[in-house]
Amino acid sequence: MPRNNRPETPRAGRFAKATNGPQTGPPTGRANGPASRRSEVRIIGGDWRGRKLHFPPAAGLRPTPDRVRETVFNWLQFELAGTRCLDLFAGSGALGFEALSRGAAEVVFVERDPVAAKAIADMLFQLRCDRGHVEHDDAFAWLERGRRSASPFDTVFLDPPYGEEWLPAVATTLECGGWLAPDARIYLESAAARGEPTLPTGWTLVRSKRAGDVGYHLARRGTPAPEKESTSTGG
């Protein structure tokens, strides 16, 4: 992707959602008082079903809700075993850990916030899981530097900050940079008010739902358009 199309001042990771400006003050997750308590999300299915993931609190942090993750991984239930996955704006790591729990061969977590990245690495250690790898880096910078392995990714989770319109740019970067397998699946999450995401040529939107203010979608690369499911649920 040409540099002049890159969004300005990117803040990678779900810790930056709904944040409109440079972050100031003490490092994320190190405040005093009740706000310093660690938060948690629960793994919904697979080998670690019911296991709780602990992550440091931060203003604007919005891990993908349980009911949304349950639907997304129902969509992907026959697609994950033995695959390589990328959780690009990892935040709490909930999406990547769910994929590992359900048999993904490898998950790369990319997260800019150092406290969040360490929390993901600590959880991988606690789970004795060597199939996860953490990249403490800005998502756009990591992609532009081309840190690709020999194998492309079969599944990618894209859940950038809700306050930013980064999905089209990052999708184009993935498509043009050789990051994706020919039939890769791409999960995209954004504020529901934004509607369906704009996709690169050759991608097909195969699932699209809304739960409250969350819009979530599944795209597939390099396949003809099947009948698409589009549903809204209250929240």
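Author: Start with helices. Helices (H or I, at least four residues) and strands (E, at least two) are DSSP runs, numbered from the N terminus. The expected span of a helix is 1.5 Å times one less than its number of residues. This is a predicted model: local features need pLDDT of at least 70, side-chain atom pairs count only at pLDDT 80 or more, and totals for chains, interfaces and linings use all residues. Residues are numbered from 1 along each chain as its sequence is written, and side-chain values use heavy atoms, with hydrogens and water left out.

Reader: How do you know that the span of helix H3 agrees with its 13 residues?

Author: H3 covers residues 114-126. At 1.5 Å a residue it should span 18 Å. The C-alpha atoms at its ends are 18 Å apart, so the two values agree.

Reader: What lies at the start of H3, and what follows the helix?

Author: At the start, a side-chain oxygen of Asp113 comes to within 2.9 Å of the backbone nitrogen of Val115. After H3 comes Arg128, with a positive phi near 55°.

Reader: Why is Arg69 called buried?

Author: Buried means under 20% relative accessible area, exposed means over 50%, and partly exposed is in between (1.4 Å probe, protein chains only). Arg69 has 1%, so it is buried. This residue sits in helix H1.

Reader: What makes the pair Arg69 and Asp66 a polar contact?

Author: A polar contact is a pair of N or O atoms within 3.5 Å; within protein, one must be able to donate a hydrogen and the other to accept it, and residues adjacent in sequence count only if both atoms are side-chain atoms. The side chains of Arg69 and Asp66 make such a contact at 2.4 Å. The Arg69 side chain also reaches the backbone oxygen of Arg42, at 3.0 Å.

Reader: Which cysteine is buried and which is exposed, Cys85 or Cys176?

Author: Cys85 has a relative accessible area of 0%, so it is buried. Cys176 stands at 59%, so it counts as exposed.

Reader: How many disulfides are there?

Author: A disulfide is a pair of cysteine sulfur atoms within 2.5 Å. By this rule the count is 0.

Reader: What makes a nonpolar core?

Author: It is a set of buried Ala, Val, Leu, Ile, Met, Phe, Trp, Tyr and Cys residues joined through side-chain atoms within 4.5 Å. The largest one here has 35 residues. Phe97, Ala99 and Leu100 are among those with the most contacts inside it. H2 gives the largest share of this core, 5 residues.
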